[in-house]
Amino acid sequence: MKKTNLFFAILGVMLLASCKSEIDCPENPLSTVNHVRFNSTIGEMTKTRASGTTWDTGDAIGIYALNEGQTLSDQAIYDGKSNVKHTTAGDGVFTAATEAITFPESGNLDFVAYYPYQTTITGYAYPVNVSNQSVPAAIDILYSNNAKGANKSNIPVSLVFKHMLSQLVLSVSAGEGVISLDGLTAKVEGLKIDGSMNLVNGVVTIGSTVGALTPAAAVSGTNATVSAIIIPGQDLNSAKVSFTLNGKVYEWTPTAQALESGKKYTYLLKLSTTGLVTVQPKATITDWADGYTGTSDIILTPNEDPQFITDKMTVSLPAAGTLTDVVKLTTETGQAWSAASNQSWLTVSDASGTGSKDITLTAEENTTTSGRIATVTITADGSASFDPIVITVTQAAGSTMTALLFPGSDFENWSAFLGVLNTYGLSADGYASENTTGGRNASKALHLKGTPTKNDYTFTAIVKDGYSLAGKSKIVFYIKGTSGKTLSLNVYTGAGTKMGTDYKCFNLGNYTSEQTIAPTDANSYTGVIDTNGEWMKVTLDISSLTVNSTAGQNLFALKVGSNAAYDLLVDDITLE
């Protein structure tokens with residue numbers, strides 16, 4: 001053991017003697033004493049930050065090591081140590097996450113650091129965006145450039161961080177007529193939400209995007225603290241602050257107040273239905289430097305009588321794709337209401353309720369070549385104080401070249417497809433189902449797979465409101481796969497009967513190449529289908545037919561033959 005210890009001691013001396021500094025040769029295997037570690041201080045409060053009283057485990061900062069006395073630049077970076085990630089276990093001591101910064105044997109270093117860490121920094125400009133206030137720590141930008149002239153005798157290096165943005169704190173209490181603040185929400189509008197921080201000098205430059213902020217709110221009975229981190233360099237009087245509570249909206253426009261980097265601005269607000277409040281203000285001091293702590297209570301009353309309003313009066317929907325939109329209704333907690341659409345292709349959910357609510361509007365796919373309009377009327381039940389709200393909903397036209405034969409006939413919306421079938425629905429014989437990836441262009445399709453036990457109606461679709469065949473002479477669809485018997489299609493023409501049960505038949509026969517099929521009087525399942533693994537177009541000539549167009553009548557049926565194996569995809573049933 002003595003010989004071994006002596007060997008390692010001599011090895012350590014030889015390695016140190018052969019190098020001018022630790023950057024000239026491999027690291028001393030017997031010591032990491034020159035690896036830089038950092039203790040963090042924010043302002044005068046050691047080991048704290050805006051989002052809490054301590055650092056969290058895994059919090060990360062970025063550090064630049066500079067040759068002493070130089071300004072942050074590519075040329076000033078020491079040993080390539082640029083934006084080196086350091087993390088803490090929550091105790092405020094930061095160590096390198098990967099390759100450590102190592103002091104030279106002689107000479108000093110300066111350090112620039114920031115929080116929170118970003119993998120990529122371009123041009124030493126740290127991007128800032130405060131639009132998402134849900135995690136304050138993620139937008140509480142900190143900066144440190146105090147650590148100068150440090151060397152290996154200064155381990156750990158002390159970093160003093162400063163808050164670089166501004167903080168708005170609203171201390172809200174319940175006044176006359178307000179029983180509780182439970183459910184209070186706040187919004188700050190009119191301020192710019194983006195910018196950048198120059199890591200060379202810590203200067204924050206304001207951006208150009210104006211947006212709405214949803215501040216963090218902590219509510220406890222009749223008191224609440226609402227706080228937001230905002231971009232400095234603008235005036236608070238540009239903002240409009242609104243609170244929503246029990247269907248009432250309270251608004252406040254601050255007086256002129258320039259926002260400075262690193263300062264907190266505290267205001268005491270009281271929500272009251274009468275405005276009679278005499279409580280004295282009390283400032284709360286945190287580690288931010290206080291820019292304004294208030295001199296008296298600011299009393300907010302509702303900006304008008306109880307409301308019955310929506311966030312939009314018009315809605316535009318596409319012909320297909322995303323066919324829903326949400327209307328936000330704001331009203332008093334106990335106010336009952338009802339909502340109704342004047343068109344069957346547009347549904348409303350919920351159709352009735354009490355108090356503020358998100359109301360979802362859902363349209364059916366527009367398979368016609370014309371746009372259409374519906375109105376949704378929201379009525380305050382039992383109240384003569386509120387006029388009904390009328391929302392205009394427009395939906396774009398379907399394709400001018402082709403249109404779906406019926407809602408869901410491209411099988412992209414399976415619920416729409418099932419919803420347009422007659423009372424018999426989809427065959428219960430078990431061979432028909434939705435295929436979510438096997439359609440044309442990896443879309444959805446109808447899959448016929450199995451052996452039907454009888455000559456079967458796979459489905460029968462009915463006519464929906466707004467249906468028109470004007471200018472159309474063909475029904476077109478696509479198939480892929482094989483079947484032991486062919487397909488037979490019914491196109492209904494019995495306009496004189498209640499359900500339109502008269503029809504013409506289109507039989508595919510032996511279908512191994514693309515064809516145009518003419519109508520005939522009877523179904524036939526003689527023949528087989530084989531598309532050789534490719535999609536094959538089927539065209540039904542309906543130019544001689546008067547196809548049903550009255551809502552509720554039968555329109556189109558797909559039929560299969562009995563006791564024959566089918567493995568066939570059907571997709572995109574359209575009109576041309």
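**Backbone first, then the core**

Mentor: Asp 572 lies in strand 42, residues 566-575 (helices, H or I, of at least four residues and strands, E, of at least two are DSSP runs, numbered from the N terminus). This is a predicted model, so local features need pLDDT of at least 70 and side-chain atom pairs count only at pLDDT 80 or more, while totals for chains, interfaces and linings use all residues. Numbering runs from 1 along each chain as its sequence is written, and side-chain values use heavy atoms, without hydrogens and water.

Back to Asp 572: its phi is near 50°, a positive value in a residue other than glycine. Most residues other than glycine have a negative phi, and most peptide bonds are trans. Asp 572 counts as buried at 18% relative accessibility (buried means under 20% relative accessible area, exposed over 50%, partly exposed in between, with a 1.4 Å probe and protein chains only).

Asn 83 also has a positive phi, about 55°. Asn 83 sits in the loop between strand 3 (60-67) and strand 4 (84-88), and is buried at 9% relative accessible area.

Now the cis bonds. Tyr 115 to Pro 116 is cis, omega near -5°, with Pro 116 in the loop between strand 6 (109-115) and strand 7 (125-129). Ser 349 and Asp 350 are joined by a cis bond too, omega about 5°.

As for the core, the largest nonpolar one has 50 residues, and Leu 199 is among those touching the most other members (such a core is a set of buried Ala, Val, Leu, Ile, Met, Phe, Trp, Tyr and Cys residues joined through side-chain atoms within 4.5 Å). Strand 16 (residues 223-230) gives the largest share of this core, five residues.
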